[in-house]
Amino acid sequence: MDVPEDLTLENEAPSCVSSKETDVNSDQNVTRLYSCWESIPPSQGAMYGNQTSKANLHSQLRIFLGLDHRMRVTAFLRSACWGMLSVSLSNFLFLLQAAPHSYESWFVISVIVLPVIFIITPFAGIIHYWTCKRRNEVARRFFEQGLRVDGQGRLVTDTAHPQVVCDFSSFQKPPYSVPQSLHA
Amino acid sequence: MPGSLHVGLFAAACAMIAGFALLPMDSLAQMVAATVLLGLMWIGQSATHLRNDDFFRLLALFAGLVINLRYLAWRSEYTLVANDIISLAGVYLVFAAEIYSSILHFMGAMVNAAPMKRPLLSLADFPPGVRLPSVDVMIPSYNESPELLEITLRAARMMRYPDEKLRVHLLDDGGTAEKINSADPASRERALERRKVLQALCERLGVNYITRARNERAKAGNVNNGLEHTDGELIVILDADHVPTTDFLDHTVPWFVRHDDVFLVQTPHFMINPDPVERNLLQSFGRMPSENDMFYQTIQRGLDFWSASFFCGSAAVLRRRHIEEIGGLAGHSITEDAECALDLHRRGYRSIYVDRPMVAGLAPETFTGFIVQRMRWAQGMTQILLLKRPFMEPGLSWHQRIGYMSSILFWLFPFARLIFLLSPLAYLLFGLEVYNASMREILAFTLPHVIAIYMISGLLFGRTRWPLVSEIYEVLQCLFSLIAIINVLSNPRKPAFMVTPKGDMLDEGFISPLARPFYAIFFLMLLGFAAGVYRWWFYPLTRDLTVVVLLWNLFNFVSVFAALGVLLERRQQRASPRMPAKEKASVVLPDKTILPCTLINLSAGGVRVEIKDAKPNFAAGEMLWLDVYSEALSRKVKVPIEIRAVTALRGKIEVGARFVTEDSTHANAAVALSMGDSGRWLYFQERRWRKVSFFMALRTVLKQIWRPVFQHLFLALRTGADGFLEYFRRNRAAEVKVILD
């Protein structure tokens, strides 16, 4: 799957990682890694439940990637609808006012296309809006945990030297179904 | 596919575009055609990140190109008329400015159609036993302080590279024999003192101090002198304020090892302080892409795709063999860097652009410094245009010619910008009809053209340049750069190199001495609005045109209004700028108690940490130890710090402290910790690269500009006319003279 450079929405200065493992006093610098799936604070358990596990983060990342992909598709669909709407409308107006002759077929196409587009366009907009909202919700929760999704579609710590928490690069096809748990 | 078929297809496509561009249409048909094309652009630009996004991107660019061609065809065919000779001159001036903008626009679209993303190579990827070239790091200096130089020299010494192959040289032009034998005793004393201090510094740091007899050919001459005294295979050139990260050579040298024909590896100049526009007006250093992000993140990558990325004077590695082939750096212009790259591209050598920020520098703090820097660039590029003529330089490929011409022609923007600023006033104040079109034609031709330009800019530079920001920068520069360019046109060999003042501290806010011309334009525009209302009321037949011109004037007015906000220089007392950080660390108290903390910001001189659940009473002047893992050094470091300020917040305290760096090990650790980590620079940059819509940018800019402008006007009124002029004379007159000379 092609994933863009940075899927994180938040661009403000991020908050700090609130995991217990970020202890640089330890002599083992390897344990400096932000092993977040073992240390999500209970107060932030809305997303992960009380027992956050690596599997849960995998599932959340899967949802995020699915929503992200869907968001891009719906953004394109919405733009395509608006583009076609504007083209059809201007074509229609032109035919009504200035077409010289033999414009019936074009007129008929416009008459057919316009109502269809009029119906599809708001739906595309609404679907896009809700997809964005849900995607941003997941991104925000990752952000609160000090995580983000990087350009390769991996869940990493939101730091200058990110550590990979979950990697879904092996995913060939993004899932489109959003589990009910997301609405919690 | 055979070459002739390619040529045939290309010719056929050109013929089709030309045919469509020249096809006569009435306003209604044009409106329909433009709507269709804009619809295509809209679809194309929203398809990024989908499959075949390159196709959609090119489709959008192509549709925009057709809209602009149709606009130009219409303008040239139907609108270049006037009732009198003065109006006709105005008509042609506006059209010339539009032609210039369109050429720049087309070349920009081509150059940036597919920016190159190079892989990040590392020396660690080579098998053991690969021979690495020797490297000479050259840091030319003229008048920079020893404190500033010490940071750069320390960082250069800490770059990861085999010790026996890395040598660092300070090329001091402030302590030359010429300066030491100066007729002026004060200058002589200063030069002597400087040489002594810098020699001691170099000895302490293990750096080679090099100076020369005479200050000839400025920075380029200084580097050439350095070349004569060294023999490394690769040359790293760093400005005095450009601090390299420890991995700089790790990611640049591999390109030279892999390819024998590479003469240059250029990296971005990452600025750790805001420029005057960001600091005085937008106050958005961490939230909005910086001005040079557009060039280093998009344009240089675009140029790299066409093998035309060029040397930017610093933060680059060059191969000595190739430099010596063209007789060193010095050329005919004061932008010897770009000229040198041009000469070597002409000989068939390659340049590489690595878009990872690995050198942190300072932007000019004052508007005066900013203008000095930009005038030098404008003059140098104009010199290259006149003296080297890249458009007909033999040896360059056609795409390299376009790349160079795109970069060079950009600097002629002051002509076009000034014409666009003053044209509405010519109509509103004097009734010169410089733009002959009805409202219907403007809606059909001009409006889609303007929309297409903004859409293409958004498509190409959306993440690194917000809409309207370019206009503010151009308005601020246009008056001064225009004078500078005219000077070059009258005598291409006249301009002399001027060092950009950097590292200034401003004890108090003040109005820039360069503000006066902007007052004149500001009041002319206000007058233009009054005249426009008068015209609208008393000339009913031209009301449509008057409304359009008033809107044009309003757009210009917003730019000039914002420019006034930049001209109020804000106080700047911090010696070294602090950059945000968020790394875990700990503070060790004198009684060995360890308190976990988080780094909030860092500079070469100090740090701010946040300590949660802190009970101890910290006092200013108290000594502590900062214990933190340094990514740059790949190990933990301990640096002594002295508390300067303590702020208690809800449940936590913030401690501001300075590094105590009397010991060389601690000084190195402080530099590595604060300036040695390219990952932190990249992280910071990526947080502020984001695309916003035109209307959001408009809202942001409009929201930000009011306060600085009113503060400016308030200060100007408070100072009063006499005091204001006196202030000019006392403080800044000499500076202005130097710039305008």
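## Handedness of a helix crossing

A crossing of two helices is called left-handed if the near helix is turned anticlockwise from the far one by less than a right angle, and right-handed if the turn is clockwise. In this predicted model, helix 4 of chain B and helix 15 of chain B form a left-handed crossing.

## Helix 4 and helix 15 of chain B

Helix 4 of chain B covers residues 85-111, and helix 15 of chain B covers residues 398-409. Their axes come within 9 Å and cross at roughly 130°. The two helices are therefore oblique to each other.

On the side of helix 4 of chain B, the residues in contact are B:Tyr100, B:Ile103, B:Leu104, B:Met107, B:Gly108, B:Met110 and B:Val111. They meet B:Trp398, B:His399, B:Ile402, B:Gly403, B:Met405, B:Ser406 and B:Leu409 in helix 15 of chain B. By class, the residues of this contact comprise 10 nonpolar, four polar and no charged.

## Helix 18 and helix 19 of chain B

A second pair in chain B consists of helix 18 (residues 469-490) and helix 19 (residues 516-538), which pack at an angle of about 115° with their axes 11 Å apart. That angle makes helix 18 of chain B roughly perpendicular to helix 19 of chain B. The crossing of these two helices is right-handed.

Here B:Val475, B:Leu476, B:Leu479 and B:Phe480 in helix 18 of chain B meet B:Pro517, B:Phe518 and B:Ile521 in helix 19 of chain B. The contact has seven nonpolar residues, with no polar and no charged ones.

In chain A, strand 1 (residues 147-149) and strand 2 (residues 154-157) run antiparallel and are joined by three bridges. Within strand 2 of chain A, A:Val156 stands opposite A:Arg148. Strands 1 and 2 of chain A form a hairpin with four residues between them. In the turn of this hairpin, A:Gly153 has a positive phi of about 75°.

Strand 2 of chain A also pairs with strand 3 of chain A (residues 164-167), again antiparallel and through three bridges. A:Val156 has A:Val164 as its bridge partner in strand 3 of chain A. A hairpin of six residues joins strand 2 of chain A to strand 3 of chain A.

Methods:
Residues numbered from 1 in each chain as written. Chains lettered and ligands numbered in written order. Predicted model: local features only at pLDDT ≥ 70, side-chain atom pairs only at ≥ 80, totals over all residues. Heavy atoms only, no water. Axes fitted to C-alpha atoms, helices over the stretch in contact; angles between N-to-C directions. Parallel < 35°, antiparallel > 145°, perpendicular 65-115°, else oblique. Contact = heavy atoms within 4.5 Å. Nonpolar A, V, L, I, M, F, W, Y, C, P; charged D, E, K, R; others polar. Pairing = 2+ DSSP bridges.
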